[in-house]
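Please look over the model below before reading the comments.

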Amino acid sequence: MQNRTRLGMAIAATLFVAVACGKTDGEAATAAAAAQDADAAATAAAGAPTAQEGAAAGGVAGAGPIAQAADPAGAAAADGDPLRATAAAMFGTIPESVDELRGQPLVAEQVELGRMLWFEPRLSRSHLITCNTCHSLGTGGADNVPVSIGHGWQKGPRNSPTMLNAVFNAAQFWDGRAADLAEQAKGPVQASVEMNNTPELVVETLESIPRYVELFSEAFPGEKPVSFDNVARALEAFEATLVTPGSRFDQWILGDDSALDETERRGLELFVTSGCASCHNGRNFGGQTYFPFGVLERPGAEILPEGDKGRFAVTQTASDEYVFRSSPLRNVELTAPYFHSGQVWDLEQAVAIMGTAQLGRELDDDEASAIAAFLRTLTGRQPVVEYPILPPSSPTTPKPVAM
Ligand code: HEC
Ligand code: HEC
């Protein structure tokens with residue numbers, strides 16, 4: 001019982017941080033009040049609003065394409081482990097597959113076309129760069145360099161986030177400037193420091209390749225199958241299949257006690273009680289809402305470069321200076337280096353920086369390493385993707401432009 005009370009207070013504290021950050025609505029406040037009750041864990045698990053739902057309702061531009069149900073909560077509540085019930089309600093698991101987007105079933109032909117486009121270098125002006133260049137599916141969907149390198153060996157301004165499980169994010173990019181994956185996919189193709197192409201040249205290229213014309217007609221029957229919009233929609237459909245179920249954390253949530261060891265369990269408890277979960281919640285452990293990087297203490301300029309004001313560039317609102325989306329933390333052990341600046345290679349160090357910057361709390365080495373150990377249990381089964389054989393160019397296919 002004592003354990004249970006402590007946890008109830010922890011949830012209250014966590015929700016309080018969320019409210020204090022100004023990103024939740026009345027629902028979360030109600031949940032916080034409810035959480036003072038020693039039975040809060042069970043209540044929350046039984047479907048009371050969680051910080052996640054409150055935050056999503058209050059702070060995110062553009063609803064995510066996937067409902068954020070904390071599916072296994074009911075099952076977890078039943079087994080009487082309050083930490084498990086809390087975690088199930090706050091986070092949830094990654095489903096085995098995603099079958100629909102914005103209420104429409106995924107179309108197999110679109111997924112298949114999207115897989116080819118994902119690996120298609122002719123989407124780039126140089127015919128050398130693919131989506132997979134910077135989001136390698138062999139390395140957790142990231143490129144593992146501080147900032148991405150694109151057209152002409154130019155350095156982009158930010159670290160490439162993983163797109164594994166990105167379908168569960170409420171908005172895309174470090175600053176949330178794209179509402180969904182289809183809107184997002186148009187960005188890198190055109191960005192001069194990424195693929196440096198134009199929608200017109202992309203369409204001209206694909207229309208010059210007979211097999212692509214067939215595949216687009218099958219995937220998007222109708223007026224003008226080969227279009228930049230449909231390129232983005234196919235990529236989105238493929239990306240929706242890139243989810244990572246079955247992590248040790250998920251196994252534990254679903255009832256396997258042996259899936260987490262003592263340290264990892266303590267790490268999870270610290271993640272909840274010290275307030276990390278107030279910003280990193282939902283089944284992706286983040287990606288739902290925005291917070292200043294440096295709520296309590298601004299990190300140094302090497303980690304938070306002054307020139308990148310984050311969400312301010314999207315909203316032009318002074319209070320959004322240095323505001324970023326709380327990073328999704330699934331598979332985080334695979335996606336170093338960390339933060340939008342990509343300046344921190346060590347997960348323990350990233351955790352410690354979060355402690356001082358976001359919580360005003362010096363985590364000792366023991367605590368930081370327990371939390372990092374817990375975060376490593378969020379690595380799921382990586383999608384196995386067959387490398388596509390791409391159709392040959394024709395004589396009318398535009399030639400690559402030298403980098
Ligand atoms: C040159 C490297 C590069 C290439 C090529 C590239 N990306 Fe990205 N990608 C990035 C970077 C860097 C970001 C973060 C940019 C930002 O937030 O401002 C990003 C962000 C994303 C995100 C958002 C993930 C999240 O959690 O917010 C998705 C999804 C994504 N890219 C998909 C794609 C697709 C699809 C393609 C191919 C059409 C692609 N990327 C090509 C570097 C790249
Ligand atoms: C007030 C909200 C808030 C709190 C509390 C918070 N974070 Fe974060 N976290 C963020 C934001 C925002 C970012 C993105 C920072 C950036 O722009 O690089 C982030 C980034 C991260 C990253 C880097 C992920 C990546 O892919 O680069 C890790 C790891 C992380 N947080 C872990 C934690 C841990 C552990 C705690 C608790 C000790 C915590 N966070 C507390 C908001 C928060």
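1. Basis. This is a predicted model, in which local features need pLDDT of at least 70, side-chain atom pairs count only at pLDDT 80 or more, and totals for chains, interfaces and linings use all residues. Residues are numbered from 1 along each chain as its sequence is written, and chains are lettered from A and ligands numbered from 1 in the order in which they are written.

2. Ligand 1. The shell holds 26 residues, of which C131, C134, G150, F173 and P188 come nearest (a residue is near a molecule if its C-beta atom, placed from the backbone, lies within 6 Å of it). Two or more residues each come from α8 (131-134) and α9 (181-190), and α9 gives the largest share, five residues. Helices here are DSSP runs of H or I with at least four residues, numbered from the N terminus.

3. Ala, Val, Leu, Ile, Met, Phe, Trp, Tyr, Cys and Pro count as nonpolar, Asp, Glu, Lys and Arg as charged, and the others, Gly among them, as polar.

4. Ligand 2. Here 27 residues surround the ligand, with C276, C279, F324, F339 and M354 closest. Helix α16 (residues 347-359) supplies the largest share of this shell, six residues. The division is 17 nonpolar, 10 polar and no charged.

5. Helix α11. In α11 (residues 210-219), Y212, L215, F216 and A219 are buried (20 or more other C-beta atoms within 10 Å of the residue's own; exposed means 12 or fewer; C-beta atoms are placed from the backbone).

6. Neighbours of α11. Its buried residues pack against α7 (108-118), α10 (199-207) and α12 (228-240), contact meaning C-beta atoms, placed from the backbone, within 7 Å. In α7, the buried residues are Q110, L113, G114, R115, L117 and W118, and they pack against α8, α11 and α12.

7. α9 against α12. L181, A182, A185 and K186 in α9 meet F228, A232, R233, L235, E236 and E239 in α12. By class, this contact has six nonpolar, no polar and four charged residues.

Terms used
Contact = placed C-beta atoms within 7 Å.
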